[in-house]
Amino acid sequence: MRHGDAGRYGEDAFRPEETGEADRIDLGALAYDEVSTARLTALGAGPGWHCLDVGAGTGTVARWLLESADVTSVLAVDRDTRFLPTGRPPGLVARTADITAPDFDPGRFHLVHARFVLMHLRSWRRMIARLGSLLVPGGVLVLSDAVDLTTATAPATPYTAVMRAMWQALRQSIGTDISWVPDYPYFLLEEGLRSVAAEIHVPPLVPDSPLNRFWADTWERTRDAILATGQVDEPQIELARHALSSSESAGLSPGMLTTWGWKPQRSAGAAHP
Ligand SMILES: C[S@@+](CC[C@H](N)C(=O)[O-])C[C@H]1O[C@@H](n2cnc3c(N)ncnc32)[C@H](O)[C@@H]1O
């Protein structure tokens, strides 16, 4: 791992070539897809929509948009598209690109969606502006990222300590910063989007569930960085892993905050929807 602030998602953690990385992303998707797709349904995703999914991962949302919401097209962009076959289903185009690159300009869309992506980027605030600028008038920007519930008054358990250490480790290694996520709705307003709203979903931790397996796997892949924080030791990690697989509640999972906002229509006074 490189030092200082040079680390990046996919290079210094969560490398796509590591065995099981697609499965790890899918476990996270399984835990949150129901909420994402319900929100996209409520926002009206459907025929005629051209959609952009950035940091699309294994493409569960992109595929759902085409197969279930019946949107017209989805451009799924990721810096590594090995988990995203173009044309399956029809209408899906996978493009390999770094969304932070200055020349990233994939077109204009009715829906721009990014889930669990911006929090891993140091340029997340610039990217909110950039993604908002990719909307057609009347289009909607939908951002989802993690909210940590291991607050100062959360119970002092191995689970809580390891979860806190994990966020610190990710911050130090690849720059992940979730401290701004509750402010995303304000940033959408700053970008001129209208009818801005947000919701937080906190799924339960259930032994053997996709979510519990996702966190156990994520800790495993970041174990060295977690230990390097000095906040926890190996026995504490083992106790926390045990808590995730025991019938007694481990605590609270990080939540997912989803915020959305509409680009105003051209005509004065037009409001969405
Ligand atoms: C945690 S995964 C989320 C995947 C998917 N959005 C989901 O929620 O299931 C983050 C994804 O963002 C991609 N990513 C990270 N940085 C990126 C960048 N600068 N440009 C494009 N994709 C990026 C990663 O390759 C990875 O597929």
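**Reading residues and a ligand site**

Colleague: Where does Ala38 sit?

Modeller: Ala38 is in helix 1, where helices (H or I, at least four residues) and strands (E, at least two) are DSSP runs numbered from the N terminus. Before we go on, this is a predicted model, so local features need pLDDT of at least 70 and side-chain atom pairs pLDDT 80 or more, while totals for chains, interfaces and linings use all residues. Residues are numbered from 1 along each chain as its sequence is written, and side-chain values use heavy atoms, without hydrogens or water.

Colleague: Thanks. Is Ala38 buried, partly exposed or exposed?

Modeller: The classes are buried (under 20% relative accessible area), exposed (over 50%) and partly exposed in between, with a 1.4 Å probe and protein chains only. Ala38 has 45% relative accessibility, so Ala38 counts as partly exposed.

Colleague: Which residues is Ser36 in contact with, leaving aside its neighbours within four places in sequence?

Modeller: Contact means heavy atoms within 4.5 Å. With neighbours within four places in sequence set aside, Ser36 touches Arg115 and Met256.

Colleague: Let me try Thr258. Which strand holds Thr258?

Modeller: Thr258 lies in strand 7, residues 255-262. With a relative accessible area of 4%, Thr258 is buried. Apart from neighbours within four places in sequence, its contacts are Arg39, Val142, Leu143, Ser144, Ala197, Ala198 and Glu199.

Colleague: How do I read the polar contact between the side chains of Thr258 and Ser144?

Modeller: A polar contact is a pair of N or O atoms within 3.5 Å; within protein, one must be able to donate a hydrogen and the other to accept it, and residues adjacent in sequence count only if both atoms are side-chain atoms. Here the side chains of Thr258 and Ser144 are joined by such a contact at 2.7 Å.

Colleague: Now the ligand: how many residues surround the ligand, and which are the closest?

Modeller: A residue is near a molecule if one of its heavy atoms lies within 4 Å of it. The ligand has 16 residues around it, and the closest are Gly55, Asp78, Asp98, Ile99 and Arg115.

Colleague: Which atom of Gly55 lies 2.7 Å from a nitrogen atom of the ligand?

Modeller: For Gly55, it is a backbone N or O atom. Asp78 uses its side chain: an N or O atom there is 2.5 Å from an oxygen atom of the ligand. Arg115 places a polar side-chain atom 2.7 Å from an oxygen atom of the ligand. Areas come from the Shrake-Rupley method with a 1.4 Å probe, and for residues only the protein chains shown count as cover. The ligand exposes 600 Å² taken alone, and the protein buries 93% of that.

Colleague: What about backbone angles?

Modeller: Most residues other than glycine have a negative phi, and most peptide bonds are trans. Phe116, although not a glycine, has a positive phi of about 55 degrees. Phe116 is in the loop between strand 4 (109-115) and helix 3 (124-132), and is partly exposed at 22% relative accessible area. Asp208, also not a glycine, has a positive phi of about 70 degrees. Asp208 sits in the loop between strand 6 (194-201) and helix 6 (210-221), and is exposed at 62%.

Colleague: Which residues does a cis peptide bond join?

Modeller: Arg88 and Pro89, with omega about 0 degrees. Pro89 is in the loop between strand 2 (73-78) and strand 3 (92-96).
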